[in-house]
Structures are given as structure tokens and as C-alpha cells.
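Dear colleague,

I am passing on the structure we spoke about, together with some notes on what turned up in it. Please look through the sequence and the model before reading on.

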Amino acid sequence: MDEPVKRLLQRLVRRIPSQMLKVTLDSWGRLTPEQRQSLDFTHTKAALTQKLLAICEDNELTMKHITELEMIHVIENPNQGMWCTFQLMDPGDDAHTLELTQFKEQFKSHLSELMRHVSIKIKKHTDEAVWIRIAWGDSFSRPNHLKPTYVVHHLQTPYVFVSSVTSKLKPLLSQALVLSTRHLAIKDANLSGRKLNAIRDLVMRQYQQAFPSKYPSSLTENNQTLSNLHIEKEQAEAAANRHQMAAEAFGEGTLPQLQSAVYKLETKFRDPTNEAMSKQEGPFRCVVKFSSTNLLESLRHCASSGIASTPVTPLLSSIPLKGRNYFVIKDNGPGPSSQARQTQS
């Protein structure tokens with residue numbers, strides 16, 4: 001084993017908790033049962049690393065095998081990095097018939113033409129997602145396997161999820177994706193987060209949505225807090241209406257665990273008591289960020305409980321409606337601040 005292979009294996013062992021490492025090595029299948037049994041996961045990470053290095057060296061494992069181990073770990077634990085969403089645009093007539101074998105061949109071919117030294121590994125997961133690991137090099141250096149880019153794409157859908165790609169390499173990745181999926185363009189979907197499944201479920205509408213109802217009282221039968229006989233009729237109806245409007249805005253049941261939403265404001269400063277700021281010609285710029293362990297659940301609770309007013313403002317309901325969590329707020333023109341509109345950055 002050469003030094004880059006050893007460094008990657010050492011980093012993997014340090015990063016993976018010991019008990020999780022045992023399961024990952026079992027899934028990997030590159031060690032014999034006897035070799036796996038010889039590993040004592042109660043030992044220190046340093047001792048465990050040295051033992052595993054010795055076994056892998058005896059088995060003459062290469063970078064190809066170690067990157068397989070890394071992919072298994074990342075696929076089983078996808079919430080350890082920041083994922084950005086991109087949307088493929090203008091599909092060709094044959095885009096819906098694209099098969100995995102065709103996609104793999106074309107993606108590797110296109111990206112290898114754009115980048116001389118690049119290592120690409122593609123694996124299909126059990127949920128039909130295609131996982132791509134890319135180690136980038138350049139015209140003079142070998143691929144750096146310590147800083148790979150990960151890409152997740154469900155064939156026949158327009159969405160691609162990318163983790164750890166630099167602005168310099170993003171155009172190359174975008175071009176290879178467009179060509180290999182038979183589309184004409186790709187754009188930033190303005191949706192990102194650490195929980196891959198959450199942003200996937202949000203953008204693909206894979207959660208229980210609610211639709212407008214003329215009879216919100218029917219929800220009372222499903223909500224024990226609203227069926228309390230001691231609540232007066234007016235209060236019950238108001239609570240049911242809030243619950244209905246909150247569900248229509250954010251969905252019902254378990255919601256995708258989105259963790260943040262960012263609003264970049266580029267609006268006119270309006271405050272009659274502050275003439276110095278109000279008379280500035282340029283826009284007033286600031287950034288507002290909402291954060292929570294489950295932002296959609298928190299917003300829904302605020303609306304349904306009466307903490308926040310209903311109907312829900314489009315600034316918040318646009319998160320699930322548009323499948324985005326990054327917005328730029330600008331003025332339409334002269335007039336009151338209520339004329340502010342949302343534009344894509």
C-alpha cells in the first residue's frame with residue numbers, strides 16, 4: 001500500500017466510531033471472517049488503525065478498495081456534510097429512457113474529457129439513488145482522494161444533490177451532468193442542508209401534504225387537543241382553522257428535517273424617525289437566518305398554536321412550496337414595503 005492509500009484508510013478509521021466501523025467493515029466484504037474477528041474494537045483507535053493497516057497490506061488492497069469502504073460509510077451516514085441541490089433543465093426527448101449503464105459510461109467519458117486526472121466511482125444504492133464519488137486532480141497531479149466530491153442523483157428526476165465541490169470545479173461537474181443526463185442546462189435550486197434525505201423529500205414532495213378545505217372542523221375529530229369539551233365553540237373553530245392553514249402551508253404528519261432558511265434582504269430602508277438611513281439611494285442589505293433542528297415542524301407549530309399569525313406569510317410558506325431555503329428579497333419599485341418580492345439569487 002502506498003502512502004495516499006494509507007492516509008485515506010487512517011482518516012476513515014479516525015472518522016468512523018468503533019462500533020459503526022465494525023458494521024461498515026462487514027458490509028465492505030474485503031476482509032475474511034478470521035481477519036474481522038481478529039480486530040478488537042475495544043482497543044484505542046491508534047491500535048485499531050495499525051491492525052487494520054497491516055491486514056489491508058497483507059491483502060494487497062489498493063485505493064480502489066479503500067474508496068469502496070469510504071463510499072459505504074458515506075452512503076449509510078449521509079448527514080455528515082453540507083448538500084446543495086441543483087435542478088436539471090430542458091430534458092431531451094430520450095432523457096426519460098436513460099438507464100444506469102448508459103449514464104455511468106457517459107458521465108465517466110464526459111468528465112474524463114474535461115479533466116485529465118480524475119477518479120470516478122459510481123454505485124447504485126438500494127433506494128435507486130445513484131451515488132458518485134469524484135476525486136479531482138489537474139493536468140499535473142494525481143486525484144486527491146482526501147477531498148472527494150459526492151453526487152447523488154435519482155435517474156429520471158431533475159434533481160441532483162452535491163457535497164464538497166469547489167466553485168472552480170462546479171462548471172466541469174455541471175457540464176458532465178447535463179450531457180450524461182441528456183438535458184440542456186442545470187441551475188442552483190437554492191436548497192441546501194446537512195440532512196440529505198430531508199432536502200430530497202422536500203424538493204421531491206415526498207411528505208404528506210395538506211390541501212385547502214372548506215370544512216376545517218373535520219380536523220377536530222383527528223386532534224384530541226381540539227376535541228376537548230371544555231373549549232368553547234369559537235375557540236375550537238379558531239384553533240381548527242389555524243391547524244388547517246398551518247398544514248396547508250407546511251404539510252401534515254412527519255416533515256423533512258430542514259435545519260435552516262436564509263433570507264437576503266436588498267430593500268429600501270423605511271423609517272421616518274431615521275432620515276439618514278431612509279434617504280440613502282442604495283438598497284438596505286442584511287441577512288436573516290432561521291435555524292432549528294426541524295425548521296418546518298417549528299414553523300408549523302408556531303402557526304397552528306397561534307404564536308405566529310395565520311394565514312402564513314408567503315415568505316415562510318414558500319420554503320416547502322418552492323422547495324428552497326435561500327431567498328433574495330427585493331423591492332418591486334417605489335412604494336410601501338409590502339411591495340417587496342422574492343427573487344432567485
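How are helix 1 and helix 4 oriented to each other? In this predicted model, helix 1 (residues 3-15) packs against helix 4 (residues 45-58) at an angle of about 140°, and their axes lie 10 Å apart. Angles over 145 degrees would count as roughly antiparallel and those from 65 to 115 as roughly perpendicular, so the two helices are oblique to each other. Their crossing is right-handed. On the side of helix 1 the contact is made by Lys 6, Leu 9, Gln 10, Val 13 and Arg 14, while helix 4 contributes Lys 45, Thr 49, Leu 52, Leu 53, Cys 56 and Glu 57. Sorted by class, this contact has 5 nonpolar, 2 polar and 4 charged residues.

The other region to look at is strand 3 (residues 129-136), where 8 of the 8 residues are buried, so this strand is largely enclosed by the rest of the structure. In a regular strand, side chains alternate between the two faces of the sheet. Here Ala 129, Trp 131, Arg 133 and Ala 135 point one way, Val 130, Ile 132, Ile 134 and Trp 136 point the other way, and all of them are buried.

Strand 3 runs antiparallel to strand 2 (residues 118-124), to which 7 bridges join it, with Ile 120 opposite Ile 134. These two strands form a hairpin with 4 residues between them, and Glu 128 in the turn has a positive phi of about 75°. Strand 3 also pairs with strand 4 (residues 149-154) in the antiparallel sense over 6 bridges, and there Trp 131 stands opposite Val 152.

With best wishes

Technical notes
Residues are numbered from 1 along each chain as its sequence is written. This is a predicted model: local features need pLDDT of at least 70, side-chain atom pairs count only at pLDDT 80 or more; totals for chains, interfaces and linings use all residues. Side-chain values use heavy atoms; hydrogens and water are left out. Axes are lines fitted to C-alpha atoms, for helices over the stretch in contact, and angles run from 0 to 180 degrees between N-to-C directions. Angles under 35 degrees count as roughly parallel, over 145 as roughly antiparallel, 65 to 115 as roughly perpendicular and the rest as oblique. A crossing is left-handed if the near helix is turned anticlockwise from the far one by less than a right angle, and right-handed if clockwise. Contact means heavy atoms within 4.5 Å. Ala, Val, Leu, Ile, Met, Phe, Trp, Tyr, Cys and Pro count as nonpolar, Asp, Glu, Lys and Arg as charged, and the others, Gly among them, as polar. Buried means under 20% relative accessible area, exposed over 50%, partly exposed in between (1.4 Å probe, protein chains only). Two strands pair if DSSP finds at least two bridges between them.
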